[in-house]
Amino acid sequence: MKYNFDEIIDRKNTNSMNTDGFREFMFKGRENLSFAYKDDELIRMWIADMDFATPPEIIEAIRTRLDQRIFGYSQVFDPNYYVALSNWTERMYDWTFPKEYLVTSPGIIPALYELCEYICKPDEKVLIVTPSYAFFKSAVEFNHLELVCSKLKNENGHYTINYDDLEAKAKDPKVVLCIFCNPHNPTGRLWKEEELRRVGEICLRNHVWIISDEIHCDLLRSGLSHTPFAKLFPQSDRIVTCMAPSKTFNMAGLMFSNVIIPNQELRELWLRRHYSFKNPLSIAATQAAYEHGQQWHQELLQYLDGNFKFTDAFLSQYLPEAQFKIPEATYLAWINISNYIPGEEDLTGLLAAHAGVLLEDGSMFVDNGQGYIRLNLACPRAVLKEGLQRIAAFLNSYRDPSLAGTAAAT
Ligand SMILES: Cc1ncc(COP(=O)(O)O)c(C/N=C2\CONC2=O)c1O
């Protein structure tokens, strides 16, 4: 391995949401909640950014741009930006798109907020599947639109789409947009072509636009491959694709995402309403990611495979009644712990306060997540082991107080 994913990097004093923003984000109204550990001793497995250094090739590209010493108003003028991105999509997904479809956004969340406004009229509705990344709901409600949820079916931890329910909801003439997470956060499902075709046919036949949020599409278990939603419907211009280097290369703070809008009217509205200059360092970093990030990306996937195998083995041994399947995509472990803590407990609060682990529980994913916790496994394995040990010790003692204080594993 060329890159060291075991390196533990101090993120203190970096204005990191991960280390400094968790109290306000997760414990609003109870920011002073006391924990069994000091804040800087907490194992952070909540927000989806990685505790791995961004690839040196990207850092070098930023340094090169810094050496040019002037950072005036900037846009993506260099044609090699599109060449780098389309080479990546061609190689990774056997798919590309015309350059004129491409616009950029300072994040996929802002793009969702804007696209909801541009696509929907005030009295219309937006369809999502649940559990769901919570900002889908936030983007809909910020625009005063009605959220319509279709629960995924959960068969022993394998999630599938309830097509009958989805179609019944898509038939509502007021439902005009579906925000679809492909691959899916938090369940980690990598949707198969036939699943995407069925969702697409239901939406398009009912005149429902699709925003396919594909931010996790490069974070797959080895040997699997991603299908861009729009690839399956080349004749349609009603599918907007959102992709970004932010998750893949741990550069969310650089706030640079790619939005592919085939519909000319919507694209022109975006360009009129979204007019903004871009951060030149982010442009340089993103282009470098797609031009030079391949080997780091491959090694990252191997390391994440190892973290998932470690987690699976750990849970089997120390939390055998937790329900977990290694997900096809994302670096997020979605684990049912209801056999240890049944009911509507505040799992996020309990695990933070007593186990010293920051994580997001199912209540933070809109609906259909009761009894689940989501762990970010994109961290050095030693940190992962400590987090799992703390969780196991707490859950085992929660269910059997006589075990209180016993270590889960050495
Ligand atoms: C499906 C999905 N879309 C968009 C974003 C954010 O896009 P950005 O605005 O950063 O470009 C995330 C990040 N997911 C996170 C971030 O922290 N916890 C999560 O589950 C995500 O999971």
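**Ligand contacts, salt bridges and surface features**

A backbone N or O atom of Ala 48 lies 2.9 Å from an oxygen atom of the ligand, a polar contact (a pair of N or O atoms within 3.5 Å; within protein, one must be able to donate a hydrogen and the other to accept it, and residues adjacent in sequence count only if both atoms are side-chain atoms). The model is predicted: local features need pLDDT of at least 70, side-chain atom pairs count only at pLDDT 80 or more, and totals for chains, interfaces and linings use all residues. Residues are numbered from 1 along each chain as its sequence is written, and side-chain values use heavy atoms, with hydrogens and water left out.

A polar backbone atom of Ile 108 is 2.7 Å from a ligand oxygen atom. For Arg 374, a polar side-chain atom lies 2.6 Å from an oxygen atom of the ligand. On its own the ligand has 500 Å² of accessible area, and the protein covers 89% of this. Accessible areas come from the Shrake-Rupley method with a 1.4 Å probe; for residues, only the protein chains shown count as cover. Around the ligand are 15 residues, each with a heavy atom within 4 Å of it. Ile 108, Asn 185, Asp 213, His 216 and Arg 374 come nearest.

The structure holds 26 salt bridges (a side-chain nitrogen of Lys or Arg within 4 Å of a carboxyl oxygen of Asp or Glu). One of them joins Asp 172 and Lys 125 at 2.7 Å, N to O. Asp 172 lies in the loop between helix 7 (163-170) and strand 7 (175-181), and Lys 125 in strand 3 (residues 125-130), so the pair ties together parts 47 residues apart in sequence. Helices (H or I, at least four residues) and strands (E, at least two) are DSSP runs, numbered from the N terminus. Asp 172 is partly exposed at 23% relative accessible area, whereas Lys 125 is buried at 17%. Buried means under 20%, exposed over 50%, and partly exposed in between (1.4 Å probe, protein chains only).

Lys 137 and Glu 141 form another salt bridge, with their closest N and O atoms 3.5 Å apart. These two residues stand four apart in helix 6 (residues 134-142), about one helical turn. Arg 11, Arg 44, Asp 49 and Asp 51 are linked in a salt-bridge network.

Elsewhere, Lys 38 is exposed, with a relative accessible area of 58%. Lys 38 sits in the loop between helix 2 (22-26) and strand 1 (43-44). The C-alpha atoms of Lys 38 and Gly 356 are separated by 8.2 Å, although the residues are 318 apart along the chain.
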